[in-house]
Amino acid sequence: MNITVFLGSTFGSKKQYASDAERIGTWIGEHHHALIYGGASVGTMGILSSAAKEAGAYVIGIMPQFLVDRGVANKDGLDEQIVVENMDERKKLLIGKADVLVTLPGGPGTLEELAEAVSAKKLGTFKGDVLIYNPEGFYDSLRAQYHHMEEEGFLPGNHLEMIQYCDSLEELLNALESRG
């Protein structure tokens with residue numbers, strides 16, 4: 001199974017974000033899945049990819065040239081590096097190569113990737129599942145926003161079928177296990 005993970009290129013304020021990224025990466029490798037992610041060697045991205053690779057995953061990094069030029073690309077820990085022209089092309093490939101999309105805590109770029117994925121799911125151009133890992137309520141306000149969009153008629157009433165929130169790491173790993 002190809003698992004695309006959206007997450008931060010920094011570590012965030014809690015050690016849990018890094019340890020969870022490591023556990024998820026290890027799980028992906030131990031279960032012989034492929035990891036597809038933004039291609040960075042820094043932050044929780046770097047931890048996730050290193051753990052996945054060490055545990056035996058095939059790791060694909062997708063990064064625009066301008067970020068490669070900044071020196072944040074994971075050059076040694078990838079099985080495949082795809083260099084693209086811009087962030088739009090990156091998002092298209094991250095989503096297009098996935099069987100399932102997982103969003104971990106992250107910043108504005110992570111939210112942008114998730115929004116693109118939810119739109120693709122809504123439009124039917126992405127047929128896989130969208131999982132949001134919500135440790136300690138990290139994405140509770142986003143969940144509330146999606147509910148508000150539904151109430152106001154901007155999101156179909158089945159949006160909770162399009163997006164699965166996982167409030168614990170065990171719930172996320174069980175959700176992944178059930179898919180492949």
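## Cavity, strands, helix, pocket

The lining of the largest cavity is made up of six nonpolar residues, one polar and one charged. Here Ala, Val, Leu, Ile, Met, Phe, Trp, Tyr, Cys and Pro count as nonpolar, Asp, Glu, Lys and Arg as charged, and the others, Gly among them, as polar. This is a predicted model: local features need pLDDT of at least 70 and side-chain atom pairs pLDDT 80 or more, while totals for chains, interfaces and linings use all residues. Residues are numbered from 1 along each chain as its sequence is written, and side-chain values use heavy atoms, with hydrogens and water left out.

**Stop 1: the cavity.** Select L7, Y17, D20, A21, T44, L104, P105 and Y133; they line the largest cavity. Its volume is about 50 Å³. The structure holds one cavity of 30 Å³ or more. A cavity is a set of points on a 1 Å grid over the protein atoms alone where a 1.4 Å probe fits but cannot get out, and lining residues have an atom within 4 Å of a point. Volume is the space filled by probe spheres set on the points, which are joined across faces, edges and corners. Helix 1 (residues 15-30) gives the most to this lining, with three residues. Helices (H or I, at least four residues) and strands (E, at least two) are DSSP runs, numbered from the N terminus.

**Stop 2: strand 6.** Select residues 129-133. Four of these five residues are buried, meaning under 20% relative accessible area with a 1.4 Å probe, protein chains only; exposed means over 50%. Strand 6 pairs in the parallel sense with strand 5 (residues 100-103) over four bridges; pairing takes at least two DSSP bridges. V102 has L131 as its bridge partner. On the other pairing, strand 6 runs parallel to strand 7 (residues 163-166), again over four bridges. Y133 stands opposite C166 there.

**Stop 3: helix 8.** Select residues 169-179. Which residues of helix 8 are buried? They are L169, L172, L173, A175 and L176. The face turned away carries the exposed residues N174 and S178.

Stop 4: The largest pocket has a volume of about 380 Å³. A pocket is an open set with protein on both sides within 12 Å along at least five of seven lines. Select L7, G8, S9, T10 and M45, the closest to its centre of the 25 lining residues. Helix 5 supplies the largest share of the lining, four residues.
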